[in-house]
Amino acid sequence: MCWRDVRSVFVLLAALSLTACASFWLSGGLPLLKISPATFGVRTIEQRSTITWSGEQKTLEMVLDIRADALTVIGMAMGARLFSFDYDGEKIVETQPLPRSLSAARIMNDLLLIYAPLDTLHAALPANWTVLEEKGTRQVFLDETLNISIHTVEGSKWQGRTVLDNHALRYQLTLDSREATDDAP
């Protein structure tokens, strides 16, 4: 890995860190959502995650390994594992520490907002938060103010492109997802 690649990874992590810290404050303090991983079914998802903010754009590879009792998130860049954590529907346990100010809760909430079934998400949101969904678009409101828009651009959430726009923080997260298959005989 060359110095420029390493520097790009650190710039991405710094940007995600700023986003993570700011999002908790600017989003009205959305706490970690409590949604059982069993809700999503057993699956493994490979993703290319691209975050765009203030004219900058950075990409990170992620793997979501979903089992009945845990959702594991592994973050990678250029083949190197950067972090990993497990979410059991109640709490997050870092199995490989995230960079100091990167928030596993922010990452997890973005993933839960995208992937949770609508009725489950309704039940998990705290007071003053609502969600509406129509034809591939999910909108999350805080006190009637649109906070987050999620668009499934092509395919499905699990197998295609989904774009999350965080209006409060002015960033966009694009997930190109592919469900991994077991091709073993």
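How many aromatic pairs does the count come to? The rings of Phe, Tyr and Trp (its six-membered ring) are taken to pair if their centres lie within 6.5 Å, with planes under 30 degrees apart counted as stacked, over 60 as edge-to-face and the rest as tilted, and by this rule the count comes to 3 aromatic pairs. The model is a predicted one, in which local features need pLDDT of at least 70 and side-chain atom pairs count only at pLDDT 80 or more, whereas totals for chains, interfaces and linings use all residues. Residues are numbered from 1 along each chain as its sequence is written, and side-chain values use heavy atoms, with hydrogens and water left out.

Phe40 and Trp158 form an edge-to-face pair, at 6.2 Å centre to centre and with 70 degrees between the planes. Phe40 lies in the loop between helix H1 (3–26) and E1 and Trp158 in the loop between E8 and E9, so the pair ties together parts that are 118 residues apart in sequence; helices (H or I, at least four residues) and strands (E, at least two) are DSSP runs numbered from the N terminus. Both residues of this pair, Phe40 and Trp158, are buried (under 20% relative accessible area, with a 1.4 Å probe and protein chains only). Ring pairs also link Phe40, Tyr115 and Trp158 into a cluster.

Phe83 and Phe85, by contrast, form a stacked pair, at 6.2 Å centre to centre and with 10 degrees between the planes, and Phe83 and Phe85 are buried.

Key: Buried < 20%, exposed > 50% of the residue type's maximum accessible area, 1.4 Å probe, protein only.
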